[in-house]
Amino acid sequence: MSTRRLATTASPSHELSLATTRLRRNGLEFHSARAVAPWTEMTVTLPDARGGALEVSGIVVDCRGDRARGYQVALLFHGLTPPTQARLSEIARRASSNLA
């Protein structure tokens, strides 16, 4: 299981672990100790296999849970160019194969 971190910029900031994040081709889901309001814009920096990073922006489309167990947040990426989409798909494939 990977211990690499994903960085987000939002107010307040969230630090995400690949182990608790589900990366999809058009977004991601993550666990948060704090609720995140729908329509909140977030920028996520994803580490890639080349040693670089991919920065993508998205909008929170769902946040479910409670204070006791935490919240499951769904983020939908927007403004992805075809090259960015290809890199994101590569990162998602590698993340899913690391968890298998």
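A residue is called buried when its relative accessible area is under 20%, exposed when it is over 50%, and partly exposed in between, using a 1.4 Å probe and protein chains only. The structure is a predicted model, in which local features need pLDDT of at least 70 and side-chain atom pairs count only at pLDDT 80 or more, while totals for chains, interfaces and linings use all residues. Residues are numbered from 1 along each chain as its sequence is written, and side-chain values use heavy atoms, with hydrogens and water left out.

Confidence comes first. The predictor gives each residue a pLDDT, its confidence on a scale from 0 to 100. The mean over this chain is 81, and 80% of the residues reach 70 or more. Over residues 1-5 the value stays under 50. For that stretch the model has 15 contacts beyond four places in sequence, a contact being heavy atoms within 4.5 Å.

Next, the elements. Helices (H or I, at least four residues) and strands (E, at least two) are DSSP runs, numbered from the N terminus. The chain has one helix and seven strands, and along the sequence they follow the pattern β-β-β-β-β-β-β-α. Among these elements, strand S1 (residues 5-9) has the lowest mean pLDDT, 53, whereas strand S7 (residues 70-78) has the highest, 94.

The chain has 100 residues, and 36% of them count as buried. The chain exposes about 6,100 Å², of which carbon and sulfur atoms supply 51%; such areas come from the Shrake-Rupley method with a 1.4 Å probe, and for residues only the protein chains shown count as cover. Among contacts between residues at least 6 apart in sequence, 45% join residues at least 24 apart.

Which residues touch the most other members of the largest nonpolar core? They are Leu-23, Leu-28, Leu-46, Leu-75 and Phe-77, in a core of 18 residues. The elements that give two or more residues to this core are S4, S5, strand S6 (53-66), S7 and helix H1 (82-99). The largest share, four residues, comes from S7. A nonpolar core is a set of buried Ala, Val, Leu, Ile, Met, Phe, Trp, Tyr and Cys residues joined through side-chain atoms within 4.5 Å.

Thr-43 is found in strand S5 (residues 41-47). Is Thr-43 buried or exposed? Thr-43 counts as buried because its relative accessible area is 16%. Its side chain is joined to that of Ser-57 by a polar contact of 3.3 Å. A polar contact is a pair of N or O atoms within 3.5 Å; within protein, one must be able to donate a hydrogen and the other to accept it, and residues adjacent in sequence count only if both atoms are side-chain atoms.

Charged residues come next. Side chains of opposite charge can pair when their charged atoms come close. A salt bridge is a side-chain nitrogen of Lys or Arg within 4 Å of a carboxyl oxygen of Asp or Glu, and by this rule the count comes to four. One of them joins Arg-22 and Glu-29, with the closest N and O atoms 2.8 Å apart. Arg-22 is partly exposed, at 45% relative accessible area, and Glu-29 counts as partly exposed at 22%. These residues and Arg-24 are linked in a network of salt bridges. Another salt bridge pairs Asp-66 with Arg-69, at 2.6 Å between the closest N and O atoms. Here Asp-66 is partly exposed at 23%, while Arg-69 is exposed at 67%.

Arg-64 lies in strand S6 and forms a salt bridge with Asp-62, the closest N and O atoms being 2.7 Å apart. Arg-64 counts as exposed, at 59% relative accessibility, and Asp-62 as partly exposed, at 27%. Apart from residues up to four places away in sequence, Arg-64 touches Gly-70, Tyr-71 and Gln-72. Arg-64 and Ala-74 are ten residues apart in sequence, and their C-alpha atoms are 8.9 Å apart.

Finally, a loop residue. Ala-35 lies between strand S4 (27-32) and S5. Beyond four places in sequence, Ala-35 touches Cys-63 and Tyr-71. The C-alpha atoms of Ala-35 and Arg-67 are separated by 8.1 Å, although the two residues are 32 apart along the chain.
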